[in-house]
Amino acid sequence: MTTQEFAGSAGPDTGAATDVDGAANTAVTDPAAETPTEAAAGAAPLAAALAGRTTYPLAPGYRVNVRQGAGTNTALVRQLPAGAQVQIRCQTRGQWVAGPYGSSNIWDNIAPGEYISDTYVHTGSDGMVAPSCMS
C-alpha cells in the first residue's frame, strides 16, 4: 500500500510513502474553476453531507496523508489507513493535486484542522459535495 497525495508515484502495493518531491509527484497547476454543472452534480450528496450521515471511501489501496491545511506544504497531522471512510465536514479550495480520482484543488475537511485532497476520496462528483469551509 502507498501513502499518497499525488498520482504517478509508486503503485498501491509497494509500501512506499510519498509526498511532493519528484517529477512524478508534483502539484498540478491547472487554474480551471468549478463549472455550474459540477455544482449541480453535487446537490444530492450535499444534502446528505449536511445531514452528517454520509461517509465516503478512500481510493482502494491508498493510505492518505491528513494535512493541517489545504496543501502539501502544511503540517502532516496523521495518516488514514487503506480502506478508511471519511465524513466530509466542509470543503475548500487549495493546492492543485493529482490522485487516483483525477486532478483537483478541492480539499476535504474531515475534522477540525484536518484536510485531505479530494482526489483520494470517492465522492461520485468532480465538484463540491459539502458546504464551503468558513475561514
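Colleague: Why is Y62 called buried?
Modeller: Buried means under 20% relative accessible area, with exposed over 50% and partly exposed in between, using a 1.4 Å probe and protein chains only. Y62 has a relative accessible area of 14%. That value falls under the cut-off, so Y62 counts as buried.

Colleague: What kind of model is this, and how are residues numbered?
Modeller: It is a predicted model: local features need pLDDT of at least 70, side-chain atom pairs count only at pLDDT 80 or more, and totals for chains, interfaces and linings use all residues. Residues are numbered from 1 along each chain as its sequence is written, and side-chain values use heavy atoms, with hydrogens and water left out.

Colleague: How many aromatic pairs are there?
Modeller: The count is 1 aromatic pair. Rings of Phe, Tyr and Trp (its six-membered ring) pair if their centres lie within 6.5 Å; planes under 30 degrees apart are stacked, over 60 edge-to-face, the rest tilted.

Colleague: What makes the pair of Y62 and Y120 edge-to-face?
Modeller: The ring centres of Y62 and Y120 are 5.6 Å apart, and the planes meet at 70°. The distance is within the limit and the angle is over 60, so the pair is edge-to-face. It links distant parts of the chain: Y62 is in strand β3 (residues 62-67), Y120 in the segment after β8 (114-117), 58 residues apart. Helices (H or I, at least four residues) and strands (E, at least two) are DSSP runs, numbered from the N terminus.

Colleague: Is Y120 buried or exposed?
Modeller: Buried: Y120 has a relative accessible area of 0%.

Colleague: How do you know that C90 and C133 form a disulfide?
Modeller: A disulfide is a pair of cysteine sulfur atoms within 2.5 Å. The sulfur atoms of C90 and C133 are 2.0 Å apart. They qualify, and the structure holds 1 disulfide.

Colleague: Why is the disulfide of C90 and C133 called right-handed?
Modeller: The torsion about its S-S bond is about 100°, so the disulfide is right-handed. It joins distant parts of the chain: C90 in strand β6 (residues 90-99) and C133 in the segment after β8, 43 residues apart. Both C90 and C133 are buried.

Colleague: What makes S125 count as buried?
Modeller: Its relative accessibility is 11%. S125 lies in the segment after β8. A polar atom of the S125 side chain lies 2.9 Å from the backbone nitrogen of G127.

Colleague: Why is strand β7 called largely enclosed?
Modeller: In strand β7 (residues 102-111), 8 of the 10 residues are buried, so the rest of the structure largely encloses it.

Colleague: Which strands does β7 pair with?
Modeller: Two strands pair if DSSP finds at least two bridges between them. β6 and β7 pair in the antiparallel sense over 7 bridges. V97 has S104 in β7 as its bridge partner. The two form a hairpin with 2 residues between them. β7 and β8 pair in the antiparallel sense over 4 bridges. Here N109 has Y115 in β8 as its bridge partner. In the hairpin of β7 and β8, with 2 residues between the strands, G113 takes a positive phi near 70°.

Colleague: How many helices and strands does the chain hold?
Modeller: There are 2 helices and 8 strands. From the N terminus, the order is β-α-α-β-β-β-β-β-β-β. Of the 135 residues, 41% count as buried.

Terms used
A polar contact is a pair of N or O atoms within 3.5 Å; within protein, one must be able to donate a hydrogen and the other to accept it, and residues adjacent in sequence count only if both atoms are side-chain atoms.
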